[in-house]
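Try each task before reading its solution.

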Amino acid sequence: MTYLIQGETGDWEVVIGLEVHAQAATAAKLFSGAATEFGSEPNSQVSFVDAAFPGMLPVLNGKCIEQAVRTGLGLNAEINLDSVFERKNYFYPDLPAGYQISQYQQPVVGEGKVTLDLADGRTKEVGIERLHLEQDAGKSLHDQDPRRTFVDLNRSGVPLMEIVSKPDIRGPEEAGAYLRKLRAIMRYLGTCDGNMEQGSLRCDVNVSVRQAGENTLRTRTEIKNVNSVRFVMQAIEQEAERQVGVYESGGEVVQETRLYDAGKGETRSMRAKEYAHDYRYFPDPDLLPLRLTPEYVEQIRATLPELPDQRKQRYMESYGLKPEDASVLVAEKEAAEYFEKVAEGRDGKTACNWVMTNLFSVLNKQGRSVTDSPISADKLGKLLDLMADGTISGRIAKDVFEIMADTGGDPAAIVEEKGLTQITDTSAIEAAVDTVIADNPGQAEEYKAGNQKVIGWFVGQIMKATQGKANPQQVNQMLRAKLSG
Amino acid sequence: MSLDIDTVKNIALLARIRVADETLEPLAHELSAIIGWVEQLAEVDTDGVAPMTSVTETIPDLREDVVNDGDRPDAVLANAPDGVDAFYTVPKVVE
């Protein structure tokens, strides 16, 4: 199942490392009291610190540290009690200070690991290299005026957690699974809302290729600022194929920064000038080194919620779910909570089937999320109860479900109103069975002659005659008895 | 350590300071002298001594996660030359 690119000279393996910028969920910025809210009027969330007015000093927001440590613990990572903020110097109009405050040599979080859930139920571990805190830059708008670039500093100073993976990822599918898992973990932890459209989760992708069996890493390129899981996967595919093409035509891959153009489906060089990478890092003299205590870290650890991996394990153990189903359910915290409400005191597998097959397809069709589902978990549970106690058949349950999806109604009331209660009265079923057999002597003969399959056709006819309200098992038994007799 | 002219040119570029060609040479001398002076510190044996970041062992003050600043675009943009609406503007930086 390894992802390989078939080249003219053989198979090529793809080696990927991801740098994810996740906005730490806070009300205020990393070093100022301005708001972090998305989509506000330009420059309305800017303090003099964020605009780098002379003499303004940064003061660290404690919540940002807490969110970074919390995320680190969720990634099974080492927490560094001593960490240092440094200045990363470069020139750009949306970076008013001329430097970004970031962590370089001593990040707050060290090595950790994430477990990926792959589509076929397998899992794979990907190492985390580090997590550090840094400021976001402002936003440049290049398309507002022919001669000028407009600058909005609302994002300037917004807290970002940069999460760097080890080069353990081996293809687009794994890269997608990594991003989804990281997002799920942070959403469970409440440390990042994971909203990729609003830029609270962005990704730089490092890609290199090597011939299958090679042990050393070749030159990598970095694709900057890819903002959806799908684009990350596409960009990797395109870039890996481009690199294979370069090697196979006798060329060398150059270490450079590239951009993914989703419209054209290709990556292209940003032709960054070489001095751009001379960041001249040094410890920020305005900020003391950060020192955390073991007690502080333990306090945060004590408040960690159940995380996706633990929840998946629990679903497999207590509900008997398959690993691939359990990972789909836990991927979104809200979906998992919905499922648990439905499964509570009922059969877990049935609940899982109804949520994953019927509910998800209705949500998909209506373009809704599980939080504004037309059918509440409570009502779906009641529907399953009606099936379990034999009030309605599985077939009728699907019809009732469709009505619930449109009206949000109560299943018992719908069954009552439409007269859908299953006929369990033996004489009523018997009458229907007798009529159908009498009307179809040819098929009855076929059965007697040994064609067992015709029984299914009979069941279908009787269900039709009873508008689906007969109990299929009962019909089946009765048919066999009567046809054989 | 002494700086050559190319290094000085590069530092000027990174700092976005325009330096006339004829002043590069004297500037290189001046900067080299400053570095030489600071380099005297290297004579002190600091093996096994942890870097000191503060005279007193202080823990940084942390800010509460409360919004108590911003929401004054007029003040922020008051000195911006050529501002448009609530934006700063600069000469176009991409083609």
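**Exercise 1: a tyrosine cluster**

At 22% relative accessibility, A:Y279 counts as partly exposed, because that class runs between buried (under 20% relative accessible area) and exposed (over 50%), with a 1.4 Å probe and protein chains only. The model is predicted: local features need pLDDT of at least 70, side-chain atom pairs count only at pLDDT 80 or more, and totals for chains, interfaces and linings use all residues. Residues are numbered from 1 along each chain as its sequence is written, chains are lettered from A and ligands numbered from 1 in the order in which they are written, and side-chain values use heavy atoms, leaving out hydrogens and water.

Task: find which residue forms an edge-to-face pair with A:Y279.

Solution. 
- Start with the rule: rings of Phe, Tyr and Trp (its six-membered ring) pair if their centres lie within 6.5 Å; planes under 30 degrees apart are stacked, over 60 edge-to-face, and the rest tilted.
- The partner is A:Y281, at 6.2 Å centre to centre with 75° between the planes.
- A:Y281 is partly exposed, with 24% relative accessible area.
- Ring pairs join A:Y279 and A:Y281 with A:Y90 and A:Y104 in a cluster.
- Finally, A:K88 lies over the face of A:Y279, 4.4 Å from the ring centre; the rule asks for NZ of Lys or CZ of Arg within 6 Å of the centre and within 35 degrees of the ring normal.

**Exercise 2: a stacked pair**

Task: work out which parts of chain A the pair A:W12 and A:Y247 ties together.

Solution. 
- The two rings are stacked, 5.7 Å centre to centre and 5° between the planes.
- A:W12 belongs to strand 2 (residues 10-23) and A:Y247 to helix 3 (residues 229-248), so the pair connects parts 235 residues apart in sequence. Here helices (H or I, at least four residues) and strands (E, at least two) are DSSP runs, numbered from the N terminus.
- Both A:W12 and A:Y247 are buried.
- The charged end of A:R218 sits over the ring of A:Y247, 4.4 Å from its centre.

**Exercise 3: the largest core**

Solution. 
- A nonpolar core is a set of buried Ala, Val, Leu, Ile, Met, Phe, Trp, Tyr and Cys residues joined through side-chain atoms within 4.5 Å.
- The largest has 104 residues, and A:Y178, A:V205, A:F339 and A:L380 touch the most other members.
- Helix 2 (residues 172-189) of chain A gives the most, nine residues.

**Exercise 4: a buried aspartate**

Task: describe the surroundings of A:D284.

Solution. 
- A:D284 lies in the loop between strand 15 (282-283) and strand 16 (290-291) of chain A.
- A:D284 is buried, at 2% relative accessible area.
- Leaving out residues up to four places away in sequence, A:D284 touches A:F85, A:E86, A:R87, A:Y99 and A:I101, where contact means heavy atoms within 4.5 Å.
- A polar atom of the A:D284 side chain lies 2.7 Å from the backbone nitrogen of A:D286.

Methods:
Polar contact = N/O pair within 3.5 Å; in protein donor to acceptor, adjacent residues only side chain to side chain.
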